[in-house]
Amino acid sequence: GLLDDPEALRKALEEAPVENDGIQVKIGADDPELGDMTILSASLTIPGGEGTSINLVGPTRMDYDKALATLRYVQEALEQYFSKEGDAAWKKKDA
C-alpha cells in the first residue's frame, strides 16, 4: 500500500493542495490511490530545516477539526521550540 512505499507517499504529499494556513490536505475520496486514507501535512519553519514537515495519516472518517487543530498545535510548538526564543526559554527553564 501507500504507507509501504515512501516514494508514493512523498508524491502524494507533493500533489496535495496547500491551504491558506500552510497545511496540505489530501483525501482518499478525491484520490483513488489513497483508498480510505487521508494525509494532513504541515510545513515547519525551523533553522536549517528547509523542507521539513510533519504528517498525519489517518482514515477518511477522522475528526478533521480535531486533527487539524492538533496538527497546528504541534506545528507551532515545534517551531517555537526550535526558534532562538524557544531555545532560550527552554534553557532558562532547565537552569
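This is a predicted model: local features need pLDDT of at least 70, side-chain atom pairs count only at pLDDT 80 or more; totals for chains, interfaces and linings use all residues.
Before anything else, one term: a residue counts as buried when its relative accessible area is under 20%.

The protein has three helices and three strands. Starting at the N terminus, the order is α-β-β-β-α-α. The exposed surface comes to about 6,600 Å², and carbon and sulfur atoms supply 52% of that. If we take the contacts between residues at least 6 apart in sequence, 36% of them join residues at least 24 apart.

Next, the strands. Strand β1 covers residues 23-27, and four of its five residues are buried, so to speak mostly covered. β1 and β2 run antiparallel and are joined by five bridges.

Thr38 sits in strand β2, residues 37-43. Is Thr38 buried or exposed? Its relative accessibility is 0%, and because the cut-off for buried is under 20%, Thr38 counts as buried.

What surrounds Thr38? Setting aside neighbours within four places in sequence, Thr38 is in contact with Lys26, Ile27 and Gly28, and also with Leu56, Val57, Gly58, Pro59, Thr60, Met62 and Tyr64. Tyr64 deserves a separate mention: its side chain and that of Thr38 are joined by a polar contact of 2.8 Å.

To recap, Thr38 is a buried residue in strand β2, with a side-chain polar contact to Tyr64.

Definitions and conventions: Residues are numbered from 1 along each chain as its sequence is written. Side-chain values use heavy atoms; hydrogens and water are left out. Helices (H or I, at least four residues) and strands (E, at least two) are DSSP runs, numbered from the N terminus. Contact means heavy atoms within 4.5 Å. Accessible areas come from the Shrake-Rupley method with a 1.4 Å probe; for residues, only the protein chains shown count as cover. Buried means under 20% relative accessible area, exposed over 50%, partly exposed in between (1.4 Å probe, protein chains only). A polar contact is a pair of N or O atoms within 3.5 Å; within protein, one must be able to donate a hydrogen and the other to accept it, and residues adjacent in sequence count only if both atoms are side-chain atoms. Two strands pair if DSSP finds at least two bridges between them.
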